[in-house]
Amino acid sequence: MDDTVLVLNGPNLNLLGKRQPEIYGHATLADVEDLCRTTAGSFGLRAECRQSNAEHVLIDAIHEFRVGAAGIVINAGAYTHTSVAILDALNACEVPVIECHISNVHRREAFRHHSYISAAATAVMAGFGIHGYALAIRHLAHLRSREG
Ligand code: DQA
């Protein structure tokens, strides 16, 4: 088992800080990735940060880390609400998966209330802003320490 946490961001999250800041805040994707690297480092882990707007690239990244990693933190963006293919990829994972949303999707439009990927997630974060990523990594570190 290695010490890597895959932090995977999906479509439109490259526009963080510019896109609907009233919903997603002013932090950029680079800020999120810095936060993840620092948080992972503080637990003796390493964050591998990837972002893509393409579903197959997200799936390929999940395949790459599905065995052996410390876990996966995924914000699949709108694919959360549409993608059986990402659900299938996550169901093939042997490592813990944390689904993370910056906004509280349950306070928003009805189509955001259903997540295909929650069925494959160890835990789900929503509405914690970018701090949710740090909390998710902290939880992966906790799960790992329990494994000894
Ligand atoms: C999101 C919520 C999704 O509904 C939306 O499509 C996103 C971002 C979030 O982080 O709050 O792109 O996953």
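Predicted model: local features only at pLDDT ≥ 70, side-chain atom pairs only at ≥ 80, totals over all residues.
Local features need pLDDT of at least 70 and side-chain atom pairs count only at pLDDT 80 or more, while totals for chains, interfaces and linings use all residues. Residues are numbered from 1 along each chain as its sequence is written, and side-chain values use heavy atoms, with hydrogens and water left out.

The ligand sits in the largest pocket (more than half of its atoms lie within 2 Å of the pocket's grid points). A pocket here is an open set of points on a 1 Å grid over the protein atoms alone, where a 1.4 Å probe fits, with protein on both sides within 12 Å along at least five of seven lines; lining residues have an atom within 4 Å of a point. The space in this pocket comes to about 160 Å³, taken as the space filled by probe spheres set on the points. Its lining has 16 residues, with Tyr24, Asn75, Gly77, Ala78 and Arg112 the closest to the centre.

Around the ligand itself (a heavy atom within 4 Å) are Arg19, Tyr24, Asn75, Gly77, Ala78, His81, His101, Ile102, Ser103, Val105 and Arg112. Polar contacts (pairs of N or O atoms within 3.5 Å) come from several of these. The side chain of Asn75 puts a polar atom 2.8 Å from a ligand oxygen, and an N or O atom in the Arg19 side chain is 3.0 Å from a ligand oxygen. Of the 320 Å² of accessible area that the ligand has on its own, the protein covers 99% (Shrake-Rupley method, 1.4 Å probe).

Key: Polar contact = N/O pair within 3.5 Å; in protein donor to acceptor, adjacent residues only side chain to side chain.
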